[in-house]
Structures are given as structure tokens and as C-alpha cells.
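Hi everyone, thanks for coming. I've got a structure to show you today, so let me put it up on the screen.

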Amino acid sequence: MRIELVKRPQHSALFCALSPFLALGLTLVAGAIMFSLLGKNPFHALYYYFIDPLTGIWDPGNRWQLHELAIKAAPLILIAVGLSVCYMSNNWNIGAEGQFIAGAVVGSIIPVLLPGFQSWIVLPLMLLLGMAGGAAYGAIPAFFKVRFNTNEILTSLMLVYVAQLFNDWLVRGIWRNPEGMSFPGTIRFSEYAILPQIWPDSGRAHWGFVFALVAAVAVWFMMSKTLKGFEVKVLGQSPRAGRFAGFSQARMVFFAFLLSGALAGLAGICEVAGPIEHLNEKISIGYGFTAIIVAFLGRLNPLGIVAAGLILALTYLGGESAQIAIGVSDKAVRAFQGMLLFFVLACDTLIHYRVRIIRAPAVKTGEAAQNA
Amino acid sequence: MSADGNGPNLLEVRGLTKIFGSLKACDNVDLTVGKGEIHALLGENGAGKSTLVKMLFGSLEPYSGEICWNGAPVRIGSPSAAKKLGIGMVFQHFSLFEALSAAENIALSLDDQTPISTIAAKAQALSYSYGLPLDPYSVVGDLSVGERQRIEIIRCLLQKPELIILDEPTSVLTPQEADKLFETLERLRSEGKSILYISHRLEEVKRMCDGATVMRHGKVVGHTDPRKETAASLARMMVGSEVHAVVRDAVEGMDKAEPLLEIRNLNRKPATPFSTPLKHISLNVRAGEVIGIAGVAGNGQGEFFEAVSGEVTQQDAGTIRIRGKDCGRLGITGRRLLGAAFVPEERLGHGAAPRMKLSENLFLSRYATDRKAFLAPGGIIKEGAIDSATQRIIEEMDVRKSGRDPEAAALSGGNLQKFIVGRELDRRPTVMVVNQPTWGVDAGAAAKIRQSLIELARSGSAVLVISQDLDELFEISDAIAVMHNGSLSNPLLRAEATFEKIGLLMGGAEPGHADHTVEVV
């Protein structure tokens, strides 16, 4: 018996829709196995991961949990939406984490260096600066790829560590709050530099979540209805056909990196101006990397990414509640996220291939013959 | 059939079947090759010849049926098993490393640890004894396609096969090189070797082969002696119906028409170590005429197409002129906007994006020229307009497909090519440049494409056709130029051109000295 992968003549619409759910199901099974190996009751663990953080849906007293979900989902969706354009155009931007930090740092210039500048225009300027910072940081690997043909996976990834260490140096060094008891971090932003909350009465979800939804719809429209989206898809799938169409590969590299950099930068400044309210050394809990999983789980479709962003945000919250309730290490979250990406990519194979199990030897006659 | 009475036949295939999904690529195929026989396997593209041969060579496993070798049933599980039995194969697409020498390439395919110098000496001796001279230390990247084929043949002969399978061997050769190959094959036959010769060129099959098996749609439609058939009767067996001949009216006063496409002293440095530089190419294509460019594959046709289409632009704007306007610095979109249309050689991945629908592939080459029809303000795509244009082209070119708007990769080669040519014809382009218009296309579709190119020219457009198929060029061109090693000869008028003259130019004879016999290197 052997297993063969047979290429389908056309991609399967059924598995295109089914694959993320299949992957989620397999992740739950594999997660349950992982927890039982850790000596925990797998049903308890999965309950705390995926159900407990959602009790706010039916319990008004816990509605703050849904706000926390939106806070975690907002940067994931914003970044993943930009990454989807990158990946569709065959540009492997792995450095969204660095672009996120660059956006947070550049966006913080006004509230940190000009704390006396207090006006309604401060916040819009910060958001714009954040996008510009993320885009500029994304332009570095794009430039290297176009000019020197470097591998953007390596350059964008390495730039993440540069951004992290630069930010670390800033908040411990020249930008440190002199009244901060030597804790790393800048001064607290003024009220004009704080991103408002959507419904302050029930929780602290901020406008970043709205930005994420707007970005998802806008990019979805661009990708599915406009010439630009067509260009992205053609150059991503078939670069030579794209050149035949008259599209420029070099311009597409910049477009994809600038767009995803800008959205990651926006996510960065929203995180700093929203829930954190100042810049410190741990502004990201790996949003830039988790967003890669979000992008693929959402099938690189911006609307799918909204759903996938909420699911991955749930694993963050679930990780916290499971840690408190049954004492699972918070590293388990990372294992969960890794398994999810693994299963998503594996299940995507079924879109273009189908599995065939061959039981009997194919040749009915002539088996006894010599193989000389 | 043949070689009866001399013990068992070398190869007998009975009821061989291979199924891919719902397609029976080979359906109950019988084939017999006697000792010392050159046996032709005839059929159009997609008839199942390659599938059959892959099963004989062990790269595909049959679903059912029996293969007998010297009278005994065998199971050929892998190419190395086939080699051990004594089956050798020369593929249509070569598998050689361009950066290595001929001898190193041969050494790679042998399992043992023989030193390179021994292999080189053996290969050289063998090559001279069969009239296929070869320098074993030459680097493959520097060799012509004909010479590369020699390496493949020598590599195959070194393993002392009893049966040699040749897949479309002359499709990459000049007529003179093909003649040399035929001599070699006859020599092998006289030594008692058997040859399975795959081709769709009927004349050479009639000339050389002792027996023929004709396939159509995966089934054997007949075993015949090709010497007793005419080319027309063989074609009828292959295609299953009469193929309409292409009609081409001579036109008067062509030389007075204005040139719509002008190429002046086009040079291009090689982009990679293995691509061909273009040297001083000049050519005019006038309104109403079809100019053909002949040449063995890999002599700069691809580079030339990229330069003319604008996928690669030129320094000097005057190098390429379309409708009297300098456009050397314009990209492909700018040239399309001047009225030019292009069809590249490779259908999947160049002319069309494989995983995109036909309607998207229509939009691919026409979003700029048909901006008004296909795009609303803000760059929003008008799917309705594109869909109706797609259906119009499908109907006009008789594109057969499943579903209303399938992905390009789901179409057969011929049908996709009809769509890609139709996509450009639908614009009524003033200048049309086509590279290998009917490569791998079945006879019916090829006739349709050729006729539509002639009609486009007769309606007042300039048509430039690059092709390796000399029959095709003689069928549709008003004049034929030859590309060799990056240079282009002067065009010969159709009335003056002969296979021999063109063949000599393809082999590298100096233009103007076409009557001088040149040893083909």
C-alpha cells in the first residue's frame, strides 16, 4: 500500500473553504494530546483556552473580556492584512515585528520629544508618522531585494532584531522617563496623544480595532475588484506572465513592502497610543510573527483574516486564563500557534492535490517475471 | 508484424492501459517491435504516445496490460530497470547540465566509477563510428541543440541498448542534421538494434520506418506499413478526419506597402551565460504580409521576441519602430498601445497565468489597450465586459473546455493556444508578433491558427511569425528569414525559398552563400 498525491486539474473550491477548519480541528486534537502528555486534563485545558475567555458573550459582567479580545486582535488583523498583500505578490516579508516596532518608535516622537505640544492634531500626526516609520523600515528589505537580489526572508527577519534592540536602547537610554524609578519606558503620553476607546463604559477596546476592520475591507476591495489587486496576484503567481502583462516586478516589491510596513507601523503606534499609553521595551508580544499565522489561516483573504485574527487573539487570552486556572506554562500558547500554522499549510495541500491510497500492486499480470 | 520467424519479437505490448483520473491516456494499447526494426509511433499531441513510452521506460506504472521482452513477460518498475533490460531513451527535452562538459554529463548517468577520461575516449570513439562527431570535453552550454542531442544519443548508446526510443528527435534539427541522424539510425538497424521512433512528421516516417503504430485519443487506430501509405492517408489515420489545408492568396504590390514594424540594428548582450546575444538584426514587416523567422531552437528566438515585445527595452528608441513611431524605450504596454500584439512561445506561465481563469487571462494582456471597456474610474475591473469578451473569443476560435470560465491550466495545449491567439486577434492588432504559434498544438487547431494569422495580414496588418516548424512557415509566410546564433539573414521571398536553402542557413551558412555546401557543425 502506498499513498499518492494526485494533482487536481482545477483547485478544489470545497477544500479551499474547508482547509482552515480542518486545520483548526487537527490543532485541537494535537493540543489535547500535548496537554495530556503534560499531565493535564485535556478537556479542562481546551475549555480554558477557547471557551473561558468568551464567557463575556453571555455574561454582561465579563464583557471586558471581549474588549481584551479586540485589543489583541486589532494589531494581528492590521499586520496580517498587509502581509497578505506581500504573500500574494510572492514577497516573503517576515519582518512585520520590526516594522511594528519602527512604527511605534517613530509615532512616539511627538509625545516623547514635544510633550508640550498639545492639540487635537497630535494624534492624527502620530498615526501618520507611525505608518511612515513602518513603511520606511519595510522599504529597507525591499530596496535590497530589488537592487542586490537579496533574500527578503533573511533581511526582513534580521531587521526585527535591529528594531527590537534599538527600541530597547531608546527606552532605557535617551528616551527614559526620568521620574520612572529607573524602569525602562518613556513618559506617559498626554491625553491628546491617546487613542480613544470605542465604548469606554464596558471595556478598554480602542479605535485600533476599527482601523483594522477598515483596512481589511479596503484591502479586500483592492485585491478582488481593482487592477492593482490583479497586478499583485499575477506577479505573485506567475512572474513571467506578469512581465508579459507589462507589470513591474521591482515596483511591486516596493508596493507590497511599503503597504505591509505601513499597516504594521499603524498597528505599532495604535498599540502604544492605545492600551499601553507610553513606549516601553515590551510593546509587542510577538504580534508581527503571530500575524503570519493569521494571514495564512485567513487564506490570505482580508475578510478571512478578520476571523483568523480573532481566533489567534483568543489563544493569547486563553493562554493567560489556562496559566491562572490550571498552571500551564504560557509557552504552550506558542506551541499552539505553531501547530496551527503547520496544519494550515499541510491542509492547503488538499486544495491543489487529492490523496489517493493504492492498495494492490498496479500490474495484474507479469509479477512473477524477472526484473533482469 | 515484422521480423516473424526470427524467434520472439523484441518487444510486445498487449492491452496496456493507463488511467489518469477520468482520462484513459492509454486504452488497451498493443505494440510490437521486431529485432532490427525501426518502428514508428505516430499520433497527434495528446494521443497518448508519451504515456505509452513512459510506461515502457519505467517512469509510469501501467494500470493493466502486459509487456513482453524477448517473449517473456516483464515488469518495468523504474528507468534503471528499463536500462538493465536494454531499453534506452532519448528524450525530446534534454536532461543535460549546461555548465558541465559532454563527458561529465555522460558520466553522471552511468552508475559505475569509471574515470572521466575513459568515458570521454569511449564516447568519442562511439560518436565517430556512428557519424555523430562529438568533442567530449566541450561544455554543453556552448553546444547547439543538434550537438546536445548527440550527447543524449551517445549516452544512450554507451549502455548498449537493444531498443532505443527516440522522442520527436528531428523537431530540434535542421533538415541537414536530420539527414545525418537518419544515416545513424539505419546503421543501428543494420547492427540488429531496434528503434521506436516517435514522430508526427509523416515524410520521415515513410522514408525510414519498417512498421508504424498509429494512436489517436489513447487508442491504437491501426498498425501499418508506412511505405505502402501516402502522407495523406497517414494523416487521416492520425487525425481521424481530413485536415483543411490553409488557403493563402498571393498578393500584388506588397513591396510598396508601408512597413508597420521596423527593426534597425537590434543588438542585445546575453542576459545569462547561457543565453544568445543578438547581433545587428534588421527587418521590416509591411502591412499585409506575413514574415516567417526560421531557426533551430535556442538561436536567439526567445531573446529576439523579448526585445521586440518590449519585455526588455532598448537603449536607442529608434531600434524598434511600430507604425512609424520610435518605441525602443517603451515597455510592452506602450508598444501594445501603438497597436502591436504579442504571443509568446510558452503558453503556461508566460502567455497565460496557469491558475487564473480565462477571463482573467484575457484581462492580462488587454487591460491597457481596452481600458475604456474593461476598467471603471479608480481602476475597478468591469467583470461583465471582460466575461462577454471572453465568451466571444471562445466562440470565435472554437475553444473547447469544461465549464464556462475554467483556469488556463485546465485547457489542453491546443485549446489554450487558440484562446491566447484569439485574445490578441480580437483586438484587430496592426502588428502581430507570434513565437511558435502551433508548438504542441493538434493539427486541427494549428490549421485554424495559421489561417487566422494569414487573414489578419490580408486585412492590412503586419504579421511576424517565429517558428521551428519549416512546413508551417512555408505554408503561411510571404518571406522567410533565418535566425542563427543571434543573427538574422535577409528574408527570402516564398517563391525563391526552398527547404534546402533555408536548412543551410539554419545550420549557419553565410547569408548569400546558400548554395555553398557547409558541413554542419
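I'll go through a helix pair, then the contact between chains, then a sheet. Just keep in mind that this is a predicted model.

Okay, chain A. Have a look at helix α3, residues 64–88, and helix α11, residues 249–276, both in chain A. Their axes come within 7 Å and cross at roughly 170°. Angles over 145 degrees count as roughly antiparallel, so that's what we call α3(A) and α11(A). Who's doing the touching? On the α3(A) side, residues including I71(A), L78(A) and V85(A), and on the α11(A) side, residues including F257(A), L263(A) and C270(A). By class, that contact has 18 nonpolar residues, two polar and one charged.

Now, how many residues of chain B are in contact with chain A? It's 39 from chain B, meeting 27 from chain A. On the chain B side, the elements giving two or more residues include strands β4 (64–69) and β5 (72–74), plus helices α2 (79–85) and α11 (358–366) of chain B. By class, that side of chain B has 23 nonpolar, nine polar and seven charged residues.

Last stop, a sheet in chain B. It's an open one with four strands, in the order β12-β11-β14-β15, and the pairing is antiparallel. Which strands stand at the edges? Those are β12 (278–286) and β15 (325–326) of chain B; each has a single partner strand, so one side of each is left without a neighbour in the sheet. Zooming in, β11 of chain B, residues 259–268, is joined to β12(B) by six bridges. And L266(B) stands opposite I281(B) in β12(B).

Note on methods. Residues numbered from 1 in each chain as written. Chains lettered and ligands numbered in written order. Predicted model: local features only at pLDDT ≥ 70, side-chain atom pairs only at ≥ 80, totals over all residues. Axes fitted to C-alpha atoms, helices over the stretch in contact; angles between N-to-C directions. Parallel < 35°, antiparallel > 145°, perpendicular 65-115°, else oblique. Contact = placed C-beta atoms within 7 Å. Nonpolar A, V, L, I, M, F, W, Y, C, P; charged D, E, K, R; others polar. Pairing = 2+ DSSP bridges.
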